[in-house]
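Dear colleague,

Please find below the structure that I am handing over to you. My findings follow directly after it.

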Amino acid sequence: SGFNSIGHMDTMLGGRHHIGHYKEGEEFIQNVFHVLFPLFPGKEKSDLSSCWLQYEITKIVQCLQTKNKKKLKAQGRKSKKLAKNLLKAPENRNHLSLWKLYAYLEWLLGNTDDARKVFDTALSTAGTVGLKSPQLCSLSLLYAQLEVELLESLEGAVTSRAVHILTKLTESGTYVPYSGQVLSVNVLKARKTYEHALQDYLSKMLVSDQDQVSDADQLVNLVGCYALFQYLTVGIDAAVLIYAQILEKLEAPGPQKCENTGEDFGIQNFPTALEAVTLLHANLLRFHMKISVYPLNPLREALTEALKRYPSNQSLWRSYIHIQRKSHSASKARRFFDGVTRSTKSLEPWLFAIQAEQMRKKLTDSVQRAGVGAIHSTIPETGLTNRIVALFEHAVQSENGTHCPLLWRMYLNFLV
């Protein structure tokens with residue numbers, strides 16, 4: 001029944017019933033995975049299993065967004081069955097990334113206790129490598145982040161499960177599940193260990209130029225764990241300080257020459273790490289503002305700086321739009337969007353600028369039409385409409401905008 005049934009096609013209305021995965025497209029994707037599986041050896045097979053589980057997680061997230069409980073239950077059953085089958089394969093049994101995804105899947109489905117058991121099992125089978133293993137750091141970071149999201153305030157956070165996880169990560173012993181308390185002497189030791197590990201890592205990165213990709217991943221996980229640990233045990237300022245120091249280090253100007261070999265090196269090869277650390281920073285500030293009183297400015301500054309550098313990062317744009325909705329003055333945001341769209345070819349700034357104005361229009365419409373009955377149609381709000389049309393016109397004239405079906409569909413939908 002045509003190409004559009006592969007995967008899923010969101011309609012512009014985004015109604016509850018429209019979003020979903022078409023049956024034929026779903027079958028096609030499942031077949032692709034089944035056909036590919038026998039063709040790969042061990043390591044690649046595990047990576048493919050990770051991709052498959054990530055795909056299942058996107059479907060569960062979609063069910064959560066549309067609040068379709070019936071569909072969520074059915075999808076959850078299918079995804080869990082697949083995850084268990086994948087983990088039974090001999091090459092996957094010690095694959096921490098897969099265990100991490102399975103635990104996350106359980107967490108999203110609301111089975112917090114089951115998810116904790118999976119996390120704990122994975123951590124205790126991982127051995128005693130501690131901070132040296134990128135997979136272990138990544139697993140602990142996700143587990144701690146999910147636990148932190150359950151906190152309602154920072155009171156008593158020092159003895160929370162998240163601190164226990166992050167403390168255990170620094171001890172080179174076997175993981176012991178949380179028993180309800182964290183010793184303050186262990187917290188002090190952990191802080192020292194994180195500090196030294198981060199210093200060692202940065203100095204090692206400055207001299208070695210071997211495996212840059214896994215190094216960048218490990219750096220991000222390490223910074224994430226340390227900053228979250230400081231946030232829970234000291235406070236938001238301590239965490240922000242770590243992010244500031246790392247960003248300063250990663251933004252070191254110009255490549256330097258290595259004395260022995262004369263080769264260029266430096267942390268310029270770490271743009272992905274810089275972007276990921278910025279995202280962690282912004283997310284932590286957003287979370288902190290949710291559970292306690294904190295000024296909006298630090299987050300706004302962090303986001304505007306980051307977006308000038310990474311104009312195509314959708315998560316950062318979403319956060320930016322989210323905080324701009326709280327401010328009554330639109331002019332600052334408009335100037336910012338205007339500046340970014342002029343200085344980059346990427347299409348995301350245009351799409352998000354349009355989305356921000358459409359949200360504003362929706363808000364003014366709802367206010368103007370409240371309790372007036374049929375009269376509202378005689379007082380149209382033209383200013384915002386004209387502005388949105390102008391944005392669409394500029395966007396479709398840009399190099400990438402001309403060839404973007406989504407943009408044209410949004411424009412047509414708006415005019416209708």
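Contacts (heavy atoms within 4.5 Å) between residues 24 or more positions apart make up 59% of those in the chain with a separation of 6 or more. This is a predicted model, in which local features need pLDDT of at least 70 and side-chain atom pairs count only at pLDDT 80 or more, while totals for chains, interfaces and linings use all residues. Residues are numbered from 1 along each chain as its sequence is written, and side-chain values use heavy atoms, with hydrogens and water left out.

The chain holds 17 helices and two strands (DSSP runs numbered from the N terminus: H or I of at least four residues for helices, E of at least two for strands). Of its 416 residues, 45% are buried, that is, under 20% relative accessible area with a 1.4 Å probe, protein chains only.

Turning to helix packing, helix 11 (residues 271-291) and helix 13 (residues 314-324) have axes (lines fitted to C-alpha atoms over the stretch in contact, with angles from 0 to 180 degrees between N-to-C directions) that come within 10 Å and cross at roughly 30°. The two helices are therefore roughly parallel (angles under 35 degrees). Leu279, Ala282, Asn283 and Arg286 of helix 11 meet Ser315, Leu316, Ser319 and His322 of helix 13.

Yours sincerely

Technical notes
Buried means under 20% relative accessible area, exposed over 50%, partly exposed in between (1.4 Å probe, protein chains only). Angles under 35 degrees count as roughly parallel, over 145 as roughly antiparallel, 65 to 115 as roughly perpendicular and the rest as oblique.
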